[in-house]
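Here is a quick tour of the structure shown below. Have a look at the sequence and the fold, then read on.

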Number of protein chains: 2
Amino acid sequence: MTKKVTNSVFATHAPHLIKDAVKLIASYPKMPITVDCVIFGFEESELKVLLIRSDLEMYKGFWSLLGDNVKDNEELDTAAYRILKERTGMNDVYLDQVRAFSHPKRHPGGRVITLAYCSLLNIQHHELKIYANELHWHSFSSIKEMAFDHKEILDTCHTWLQKRIQEHPLGFNLLPDKFSLRELQNLYEAILGVSLDRRNFRKKFASMDLLIDVGEMEEDVPHRPGKLYKFNFDKYEKNKRKWIGIDF
Amino acid sequence: MTKKVTNSVFATHAPHLIKDAVKLIASYPKMPITVDCVIFGFEESELKVLLIRSDLEMYKGFWSLLGDNVKDNEELDTAAYRILKERTGMNDVYLDQVRAFSHPKRHPGGRVITLAYCSLLNIQHHELKIYANELHWHSFSSIKEMAFDHKEILDTCHTWLQKRIQEHPLGFNLLPDKFSLRELQNLYEAILGVSLDRRNFRKKFASMDLLIDVGEMEEDVPHRPGKLYKFNFDKYEKNKRKWIGIDF
DNA sequence: TATTATTGTGTAAAATATACACAATTAAAT
DNA sequence: ATTTAATTGTGTATATTTTACACAATAATA
């Protein structure tokens, strides 16, 4: 324990210790906290995002992220999972905190701090439970303006995803369990906004040796079918290595 | 504007629009928010962190991060800068939001969500304004236990820094304006916890061409003095390029 | 049976990363 | 003045990784 008591030059005052932590906390300003989820999907070689119409008169007609206020004694992660569950009916989705947005005027109803979460899910694997407020999937690139600061949040999460997908095996959450290398490449190209060399892309994944050939082929494609693969999460987790490489 | 009105299958209910955003917000649970700053410095080839004694009786003797509650209508970034200014007297320090910690029991006084910030500063360039509560610099590696969940926050910020320093030119904020390549290498080695090949390290930075030789040498060193450099922030900002490189 | 679209594959060249050693310089000790 | 100790500054050969690029094989459709 780092508890050694020093009689150093630093101890200029006798410490005035606070006994009542509850009272201390009670003196802090309190404010509402929300969680907003950027839910990405992937379909027809396009990155999609799940949005709802804003239910504020002031933002009538504008699209909004899926969010809710955080309950007393609710963890932020729990709140984000709750929102996802409520809207998509899905349980085991990929979810990660991105960052807080705190501009005092970001919400017309007053001061609200929001925590942005990024979620990735396989559009086929779930059905939207409710279509209230026109909940549905949009092509990411078609979204130009949104309610509140949600466009800024969306863009922040997109940039976060672009970076993240290059360093971590997140992308598979957007694909079916079994996918072809073509689908995987389309995913990377859609998210990164670049086109990649097909042979080099395949070689790259081959050299990682993290894809399991499931012994099946694409079906109903009007051309030579490709092999289907699964991502080897177990092997990835076991061998997760830290890279040292300075580059900026 | 993304406002096209669809008469699609999605519009199953007539939307019930909320007129009074203030009233809406008033119905949300409110909670205290704090900002905790992990302030890193670098001295004698060691990564340091600026800590204070906890002023809670319950954590008597334990070290604590520098934090404060967020004021009404105060941005999180502003709160973090305020804390830094109050404690170190420094204005233009590097500061970045890392993430929120929200466990309902993380604070003994009740529910408090905190936003962790990571700050990097040059220890020589400032004097601690106040030594209240034994504010001073600790070797990062010596800190084993802390008040609240602050050890977890510290470790999260350390990991964040390890990753970040490899991809962005943050490290220079920890060094004097003019520094030798040796100091720079010591910094990277201390943060990453590895030892690096001196010639390759220098070659790497030489190839980036982002260090300006200021034409001065180290002084008062008991050996051949090294050249001093400045980091070329202008050039870096101009040429900032996006790398595409899948690797995990 | 031909056409269309796409898969699966390899190699050569370029760029980058790694491993490694010695002469030059300064301060300090003699 | 000379030696010693510590560290700087530098280059090359090898291994690894990245890039650019073309053609035969396969399935569905016409």
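This is a predicted model: local features need pLDDT of at least 70, side-chain atom pairs count only at pLDDT 80 or more; totals for chains, interfaces and linings use all residues.

## Some ground rules

## Chain A overall

Let's start with the overall build. Chain A has six helices and nine strands. Its radius of gyration comes out at 23 Å, while the globule rule gives 18 Å for 248 residues; the chain is well over that value, so chain A is more spread out than a compact globule.

The extents of the C-alpha trace are there to go with that: along the principal axes, chain A spans about 80 × 55 × 35 Å. As for burial, 50% of the 248 residues in chain A are buried.

## Salt bridges within helices

How many salt bridges does a search of the whole structure find? Over all chains, the count is 36. A few of them are worth a look up close.

Take helix H3 of chain A, which runs over residues 150–167. Here the side chains of A:Lys151 and A:Asp155 meet in a salt bridge, with 2.9 Å from N to O. The two residues are four apart in the helix, so about one helical turn separates A:Lys151 from A:Asp155. A:Asp155 has a relative accessibility of 29%, which means that it counts as partly exposed. A:Lys151, at 21%, counts as partly exposed too.

Now go to helix H3 of chain B, residues 150–167. B:Asp155 and B:Lys151 form a salt bridge there, and their closest N and O atoms are 2.9 Å apart. The spacing is four residues in the helix, so B:Asp155 and B:Lys151 are about one helical turn apart. B:Asp155 counts as partly exposed at 30% relative accessibility, and B:Lys151 counts as partly exposed at 22%.

## Arg82 and Glu86

The side chains of B:Glu86 and B:Arg82 meet in a salt bridge at 3.5 Å, N to O. Are the two partners buried or partly exposed? B:Glu86 is partly exposed, because its relative accessible area is 41%, whereas B:Arg82 counts as buried at 19%.

Over in chain A, a network of salt bridges links A:Asp68, A:Lys71, A:Glu74, A:Arg82 and A:Glu86.

## A positive patch

Which residues form a positive surface patch? They are A:Arg182, A:Arg198, A:Arg199, A:Arg202 and A:Lys203. Helix H5 of chain A, residues 198–208, gives the most to the patch, with four residues.

A:Arg198 lies in that helix, H5 of chain A. Its relative accessibility is 43%, so A:Arg198 counts as partly exposed.

Time for a bit of backbone. Most residues other than glycine have a negative phi. Two loop residues in chain A are worth checking against that.

A:Glu134 has a positive phi, near 55°, and is not a glycine. You'll find A:Glu134 in the loop between strand S6 (113–120) and strand S7 (136–139) of chain A. With a relative accessible area of 11%, A:Glu134 is buried.

A:Phe148 also has a positive phi, in this case near 50°, in a residue other than glycine. A:Phe148 sits in the loop between S7 and H3 of chain A. At 19% relative accessibility, A:Phe148 counts as buried.

## Distances in chain B

Let's finish with a couple of distances. B:Phe172 lies in the loop between H3 and helix H4 (181–192) of chain B. B:Phe172 is buried, as its relative accessible area is 6%. From B:Phe172 to B:Gly110 is 62 residues in sequence and 39 Å in space, C-alpha to C-alpha.

B:Gly67 belongs to strand S4 (residues 66–69) of chain B. B:Gly67 is partly exposed, with 30% relative accessible area. B:Gly67 and B:Asp20 are 47 residues apart along the chain, and 35 Å separates their C-alpha atoms.

Key
Residues are numbered from 1 along each chain as its sequence is written. Chains are lettered from A and ligands numbered from 1 in the order in which they are written. Side-chain values use heavy atoms; hydrogens and water are left out. Patches are made of residues with over 30% relative accessible area and no salt bridge: like charges are joined within 9 Å, nonpolar side chains (Val, Leu, Ile, Met, Phe, Trp, Tyr) within 5 Å. Accessible areas come from the Shrake-Rupley method with a 1.4 Å probe; for residues, only the protein chains shown count as cover. A salt bridge is a side-chain nitrogen of Lys or Arg within 4 Å of a carboxyl oxygen of Asp or Glu. Lys and Arg count as positive and Asp and Glu as negative; His and the chain ends are not counted. The place of a charge is taken as NZ of Lys, CZ of Arg, CG of Asp or CD of Glu. Buried means under 20% relative accessible area, exposed over 50%, partly exposed in between (1.4 Å probe, protein chains only). The radius of gyration is taken over C-alpha atoms; the globule rule is 2.2 Å times the number of residues to the power 0.38.
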